[in-house]
Each structure stands twice: as C-alpha cells, then as structure tokens.
Amino acid sequence: MPLNLVHDGNGFSRIILTEPTGSSAEVLLYGGQVVSWKNERREELLFMSSKAIWKPTKAIRGGIPVCFPQFGNLGSLEQHGFARNRLWSLDNDPSPLPPTNNQSSVDLILKSAEEDLKTWPRSFELRLRISLSAGKLTLIPRVRNTDSKAFSFTFALSNYLSVSDISEVRVEGLETLDYFDNLARRERFTEQADAITFDGEVNRVYLDTPTKIAMIDHEKKRTFVLRKDGMPDAVVWNPWDKKTKTVPDLGVEDYKTMLCVDSAAIETPIVLKPFEEWKGRQELSTVSSSYCSGQLDPRKVLHGFH
C-alpha cells in the first residue's frame, strides 16, 4: 500500500497513518514530528498550542517534537537541538528493522547537513519509525555514528499530551525517584509525593525512571501509559499561568489542557563510537480509568496490562 502523503496549505508535507479500528496519526516531514494522534472515536490525544507557529525554521509547539543532539540548553546549540527544525526524508532502507509496507507505519531519516556540521561537526544518521496500532502509538528512534570519531548526544521525545484539566491530573510511577528541578537551578531532589499533581509550574528531569509511567486524567476517565526503553530519564513539564504568558507560541489558557512527559536520555549522554548505533523505543497507549475507586489502580497500570 502506498504511503498517504499530503501537502497542506502551510507548505508542510504530512504523512497520514491509519489502522483498521479507525485511529489515526499525522506526521510532518518537517522535524519528523508527530502532530496528531486520534483514537478510534476521533478524539485528539496530543496537545497542540493554539498559537503554534506553522512556519519552517520555527519549532512547532505540540505533538511529539524530537530533541537531538541536545536537550534544552544543556550545550552550545539552539534550544533542544536542530532536529526538530529540519526537513526529514522518507527512509527507504530502515535496516536492521524489517521494512514496513502498510499504511500504519512510516520510516523517516535525518542526515547531517552542511549547515549543522558548522555548529555540531559530527556526521550522523537519525532514524525514526512511527507505528500506529489500536490504542497505541510507537516511536523507535535510532542514531548511527557515520563519523570517523566518537561523539555524544542527549535526546528526548517530548510528548505533549492533551488533558481535560491539568489540576485534575496525576502522574504515577516516579515516586521516590531523584530529579533535577529546572526551577531551582537544576538542584537535585528526591520525589516525596506518592504521585505528581499540579497546582503551579513544574519543570523536572526525573532520573533512572521505570520503563512504565502512567498519566491519569480523572475528568476524561482516561489514562495515558508511557512505556520506554533506552531513554532512562523522564521530563515532566507544565508552564502554568505566569510562565505561559512569557512563551510567545503558547495561548494564555493552553497550560490548562497540556501535560508534557518526555522520554529522554539527559543525565548521562549517549556515546557512540564510529559505526555504532543507539536505539530507543517508546509506546504511548491509552486505557479507560474506572471511576468507581476515583482513580485507576496504579499497581495495575504500572505492573499489569501486558
């Protein structure tokens, strides 16, 4: 089956992924970025800013941006690296992954370009496979060193999740862990609460996180489950009202319906020797929360649902 590739009015090429139960995802070649994921009831699961800037050279605030080769401002490059501001290509040789030839998966590739070698003089291939199945969106990023010397990088998949009301959301699976608090000059703390809840700005990098994290949206009776491999850290971010007003591409009310939980490799950069390849994986899925207990049993989410 040929890929469903469409060109929209903003000059962006997007790939529409579909699967038999009726869910869909949209992926831009610009940034290799997933910008929509809808369930079988056509409900949008990813947040997109009401003031997102749909212009090449600007990052698009929402969906799932790819942060490479630098997370945040932890280095000399532009914020979150350049991969999210570059035009990717379809990857016709995703080896060693088996090729896909259906309408529910796409393979993308970004190779080092001359403009990037000026600021980050390392030769690489960054690949991303995006696969849609019933109730699940899977991203498999890979980085190959095509240089003659070793290099290191940090990496994140920034998952902007759509929630009904951030003050009614809990994040479970990060309790007792250490984190860097970006609101306190990256000081290191230990999480004391049994779940993360939101009543103000949160911007933290949790370290050595489990492979499964749950984001429980009480009002929508929906739980997002994030499973990840090869990305040991997790970023939790919501800008709240004051910070939102300083972010030009975020609407003033947008913080109420968004939650960022990123799969990341930040504390310990990934080091690749020439011709080595790193591979990560994340799966986002949704389950209905039963409301009889007021919340989904976290033990079931974090240890069950295989």
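Leu90 is located in strand β6, which spans residues 89-90. In this predicted model, Leu90 has a relative accessibility of 33% and therefore counts as partly exposed. Together with Leu3 and Leu5, Leu90 makes a nonpolar surface patch of about 200 Å².

Strand β6 pairs with β7 in the antiparallel sense, over 2 bridges. Within β7, Ile109 is the residue that stands opposite Ser89.

Strand β7 (residues 105-111) has 6 of its 7 residues buried, so the strand is largely enclosed by the rest of the structure. Strand β7 is also joined to strand β8 (residues 124-133) by 7 bridges, and these two strands run antiparallel. Val106 has Ile130 in β8 as its bridge partner.

## Surroundings of Ser23

Ser23 belongs to the loop between β2 (13-18) and β3 (24-28). The relative accessible area of Ser23 is 2%, under the 20% limit, so this residue is buried. The side chain of Ser23 is joined to that of Glu19 by a polar contact of 2.5 Å.

When neighbours within four places in sequence are left aside, Ser23 is in contact with Leu17, Thr18, Lys38, Asn39, Glu40, Arg42, Leu132 and Ser133.

## Salt bridges across the chain

Side chains of opposite charge can pair when their charged atoms come close. The count for this model comes to 23 salt bridges.

One of these is formed by Arg86 and Glu115, whose closest N and O atoms are 3.9 Å apart. Arg86 lies in the loop between β5 (66-67) and β6, whereas Glu115 lies in helix α1 (residues 114-119), so the pair ties together parts that are 29 residues apart in sequence. With a relative accessibility of 15%, Arg86 counts as buried, while Glu115 is partly exposed, at a relative accessible area of 48%.

A salt bridge also joins the side chains of Arg142 and Glu277, with an N to O distance of 3.4 Å. This pair links distant parts of the chain, because Arg142 is in strand β9 (residues 136-145) and Glu277 is in strand β20 (residues 277-279), 135 residues apart. Arg142 counts as buried at 3% relative accessibility, and Glu277 counts as partly exposed at 29%.

Asp147 forms a salt bridge with Lys149, and the closest N and O atoms of the two residues are 3.8 Å apart. Asp147 has a relative accessibility of 11% and so counts as buried. Lys149, at 46% relative accessibility, counts as partly exposed.

Salt bridges that share partners also join Asp91, Glu125, Arg127, Arg142, Arg144 and Glu277 into one network.

Notes
Residues are numbered from 1 along each chain as its sequence is written. This is a predicted model: local features need pLDDT of at least 70, side-chain atom pairs count only at pLDDT 80 or more; totals for chains, interfaces and linings use all residues. Side-chain values use heavy atoms; hydrogens and water are left out. Helices (H or I, at least four residues) and strands (E, at least two) are DSSP runs, numbered from the N terminus. Buried means under 20% relative accessible area, exposed over 50%, partly exposed in between (1.4 Å probe, protein chains only). A polar contact is a pair of N or O atoms within 3.5 Å; within protein, one must be able to donate a hydrogen and the other to accept it, and residues adjacent in sequence count only if both atoms are side-chain atoms. Contact means heavy atoms within 4.5 Å. Patches are made of residues with over 30% relative accessible area and no salt bridge: like charges are joined within 9 Å, nonpolar side chains (Val, Leu, Ile, Met, Phe, Trp, Tyr) within 5 Å. Accessible areas come from the Shrake-Rupley method with a 1.4 Å probe; for residues, only the protein chains shown count as cover. A salt bridge is a side-chain nitrogen of Lys or Arg within 4 Å of a carboxyl oxygen of Asp or Glu. Two strands pair if DSSP finds at least two bridges between them.
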